[in-house]
There are 4 protein chains.
Amino acid sequence: MNEVFKKESIMEGDHLLIVLDNKRTYLVTVKRGEKFHTHKGFIRFDDVLEKHYGETVLSNLGVSFFLLKPSIYDYLSKSLRITQIIYLKDVALITAFSGIGPGSRVIEAGTGSGALTSVLAHYIRPSGKIYSYDVKPEFQEKALKNLVRAGVADFIELKVGDAVEGFSERDVDAVILDLATPWLVVPRAYDALRGGGSFVSFSPTIEQVVKTVKALEDDVFIDVETIECISRRFKVKEGETRPETLMIGHTGYITHARKVFKE
Amino acid sequence: MNEVFKKESIMEGDHLLIVLDNKRTYLVTVKRGEKFHTHKGFIRFDDVLEKHYGETVLSNLGVSFFLLKPSIYDYLSKSLRITQIIYLKDVALITAFSGIGPGSRVIEAGTGSGALTSVLAHYIRPSGKIYSYDVKPEFQEKALKNLVRAGVADFIELKVGDAVEGFSERDVDAVILDLATPWLVVPRAYDALRGGGSFVSFSPTIEQVVKTVKALEDDVFIDVETIECISRRFKVKEGETRPETLMIGHTGYITHARKVFKE
Amino acid sequence: MNEVFKKESIMEGDHLLIVLDNKRTYLVTVKRGEKFHTHKGFIRFDDVLEKHYGETVLSNLGVSFFLLKPSIYDYLSKSLRITQIIYLKDVALITAFSGIGPGSRVIEAGTGSGALTSVLAHYIRPSGKIYSYDVKPEFQEKALKNLVRAGVADFIELKVGDAVEGFSERDVDAVILDLATPWLVVPRAYDALRGGGSFVSFSPTIEQVVKTVKALEDDVFIDVETIECISRRFKVKEGETRPETLMIGHTGYITHARKVFKE
Amino acid sequence: MNEVFKKESIMEGDHLLIVLDNKRTYLVTVKRGEKFHTHKGFIRFDDVLEKHYGETVLSNLGVSFFLLKPSIYDYLSKSLRITQIIYLKDVALITAFSGIGPGSRVIEAGTGSGALTSVLAHYIRPSGKIYSYDVKPEFQEKALKNLVRAGVADFIELKVGDAVEGFSERDVDAVILDLATPWLVVPRAYDALRGGGSFVSFSPTIEQVVKTVKALEDDVFIDVETIECISRRFKVKEGETRPETLMIGHTGYITHARKVFKE
């Protein structure tokens, strides 16, 4: 029965991650009869259609490229073009602290590039829903393209609106904030959350964190915690092993808490 | 319609997280007519059954406890009793690097306490499967209790066996290793993975990492990367804001890669 | 001529660091005819007086102890009993940022336990001077004992006084602050410094840093920089090499700057 | 008497640090009648000679530059042109772990650019000595220029030689290594050190550390410790305070130990 899965074929219309090396990857849609141009020559999609995921294809210049099925994090890294960047480590931790999973109902604000949105949607499939708010409709138009491409648009409701003015959903499992003034949204998050539901906020500056934690204490949240996750990449090779010289020293702080009812 | 969800009632047989403060939390099963004893007095479950999640209950000594629905990470922290500890941040990153989601088929070795297993199972529900290997049947007996309690046992197949000798599954989406000699398992992981599937290994020592990365390069994996995630907790209070004095300085290194086919 | 130095003998009245292991070290004064008691038996100083630095002595229970000449950092770690702790890494960086060396004239506030004072004095010998201010005379009495023991008291002038009210010295090479409200002392530091002289402040909280940096900008300082130094200890052993699990996650932030003259 | 020091005048032949901003600083020698060219116009040294340290001078284009007396660390950052870079934090910690001060006799290998050498010499003045070994005479020629410029050449003896073959000095207070194979030099360092003297080694890779620590244990050293110091710079401004995005993630590991005599 495992044979059914074996060497999955690449099909017309598939999203495909074409990989030259760690730094040069391309996220494309397979279109019969067309070509994809790289600076190492072009790749004919007709050649690709005879291949399986994990195999390689040659460009017309004889350069070899790997053919991969994109993961949700490949979509993430490809959609990080607009607004502030959230890194994989932060997305992973925000997801974990939110406690969500298949079936969860989640409010996110703001939508931004849809990068975080698409990962959240990936995890709440197939029965959950992401309600993603942004004040700027033009952001959401761009985000929508990313979400459609990542195949998760059906699990997301994009809503134009200012989180400071409140959310229309109630009893959601989590409210996730990546916006400039999270402390102003805390009371609105409280209104929208179910008892025990998770509040998670991502902020680059410490002043945002101080104001947000202060607001959380005022509104009967428990388990309030702020962490910073520092990710170091390593060069690993016998005799040369060491952390990389240059690193991203800071992206942001993550604050999370849980709603309880006032006595 | 949101009213359906509103103030979800606590029911007989529910798992319940009873919270006194950040450090004193209890994961229990609600049993009509019985009591739960704490060092701040006992709580009658009959009192609990009149409550909703997020509300509080008083012990017989008048001390107030919060009543929460446990998240998958609450189960995680409660099952971290056996073998080596994997922290939330590592679990979150392992999950992210594995690229899994609802429907994924995943091999994990070793099972250990079932802590990581339960989180992986949480995310692949309802249509995926975790095949979790451990050489020690007695570990898996204990792990099973944790998995049943976390409500994810249906999505997991516990298998007694040595990962070094290979896996019986093929074309899985990810192989996740948390064991002493991951480098010896790399060829077995290769056999079991689908093209493009993810290899993820968690190791406390740098020597394990060096050997594993060496083994990965020999077996046609791409996107090989090793990172260490350092998590810092903050004390956040106006005028006193600072990272906490004591921190966990190291848990382990995470190495991940993707399988491709040899030419 | 090197023979003169060889195997330096331990003499009556010397300060001696007696070392059992990394965690159990004792800083004592050698006194003919007396004993030093440890929980591994007692050591006769008469036995010690036949030895050279670097050699071992046996206690009456046959346990071996190393006999070392204390370095300035041994005095540092032994005098860290009172007030807030400054760690070796912070002392080293404060010294470096201050730009001091033999001959420098330096203001320090507050004196605290004299730990930082003694290291600063060590480096400005024999022709420099440390002016060390503290509001609490009782602190300085205790600090004096540490400074005398470390053999640096001649290079230090202890002054009782509130740094907020100003210093009586002028044209000093550096002003080094380890006190609760450094921002209030910035104008006083300006008055006391020579042109180009160094301001260095050590503070545990980020709010102290923000206020201090704001004050520095108002008073014509250049090269204003704030850093945090995180020190990780490693377990180094073939096959087991890794950062230690527990670490000191935070001691404080160091802010430094240089005085220039207003136009 | 303080008046003597007040507003120290800039003199013909002085080394002068000309500062435009944090990133554009110039280390020059003051020469009457000459000009110093910058991309913001030229500065006449005759104008400078009427100034005091800490004051400003205008270029012919009306741009203002600060005039500072260089600290030893200014020389350090200006001489970091050749071979591997040692950062201020590492230089500060190496100095601290070595336990040196005025009067110390120290072996250093290799000389490299003379950056570390000059700082060590700064601290052992006026009565100590640095014996600095390098296999490459051409490195030492370049280093000598840096050492002369920093005003510390009198306190240093440059020696051409391979540290692996041993040192001619005996009973030195510290041996400081910044070279590719420190573990091969450990027995030579032992021979050269006094009892209780300090061994300090700086290495970028973990494999160097593992071999060095192994060699240290074989040769009766105590207090063996390896640390890594991670330095983070902060952006400090009310409402925008955060660690900087890009940081130097790794320079090297520092291993230190103390010589004792074999029984």
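1. D:Asp223 is buried, because 21 other C-beta atoms lie within 10 Å; a residue is called buried if 20 or more other C-beta atoms lie within 10 Å of its own, exposed if 12 or fewer, and partly exposed in between, with C-beta atoms placed from the backbone. D:Asp223 is placed in strand β12 (residues 221-235) of chain D. Its phi is positive, about 60°, although D:Asp223 is not a glycine.

2. On conventions, this is a predicted model, in which local features need pLDDT of at least 70 and side-chain atom pairs count only at pLDDT 80 or more, while totals for chains, interfaces and linings use all residues. Residues are numbered from 1 along each chain as its sequence is written, and chains are lettered from A and ligands numbered from 1 in the order in which they are written. Helices (H or I, at least four residues) and strands (E, at least two) are DSSP runs, numbered from the N terminus.

3. In chain A, Asp223 is found in strand β12 (residues 221-235). The phi of A:Asp223 is near 55°, a positive value in a residue other than glycine. Most residues other than glycine have a negative phi, and most peptide bonds are trans. A:Asp223 counts as buried because it has 20 C-beta neighbours inside 10 Å.

4. What surrounds C:Asp223, leaving aside residues up to four places away in sequence? C:Asp223 touches C:Ala257, C:Arg258 and D:Asn22, where contact requires C-beta atoms, placed from the backbone, to lie within 7 Å. C:Asp223 belongs to strand β12 (residues 221-235) of chain C, and it counts as buried because it has 20 C-beta neighbours inside 10 Å. C:His256 is 33 residues from C:Asp223 in sequence and 7.5 Å from it in space, C-alpha to C-alpha.

5. Chain A is assigned domain 1 (11-68) and domain 2 (73-259); the bounds come from an automatic or database domain assignment. The C-alpha centres of domain 1 and domain 2 of chain A are 32 Å apart.

6. An open sheet of chain A has four strands in the order β2-β1-β6-β5, with antiparallel pairing; strands pair if DSSP finds at least two bridges between them. Its edge strands are β2 (24-29) and β5 (56-58) of chain A, each pairing on one side only. From one strand to the next, the twist averages 30°. Strand β1 (residues 15-21) and strand β6 (residues 64-68) of chain A are joined by three bridges in the antiparallel sense. A:Ile18 has A:Leu67 as its bridge partner in β6(A).

7. How do helix α6 (residues 182-192) and helix α7 (residues 206-218) of chain A cross, and at roughly what angle? Their axes come within 8 Å and cross at roughly 25°; axes are lines fitted to C-alpha atoms, for helices over the stretch in contact, and angles run from 0 to 180 degrees between N-to-C directions. α6(A) and α7(A) are therefore roughly parallel (angles under 35 degrees count as roughly parallel, over 145 as roughly antiparallel, 65 to 115 as roughly perpendicular and the rest as oblique). Residues making the contact include A:Trp183 of α6(A) and A:Lys211 of α7(A).

8. Two cis peptide bonds in chain C deserve a look. One joins C:Ala109 and C:Gly110, with omega about -5°; C:Gly110 is in the loop between β7 (105-109) and α4 (115-124) of chain C. The peptide bond from C:Arg125 to C:Pro126 is also cis, with omega near -5°, and C:Pro126 lies in the loop between α4 and β8 (129-134) of chain C.

Note on methods: Contact = placed C-beta atoms within 7 Å.
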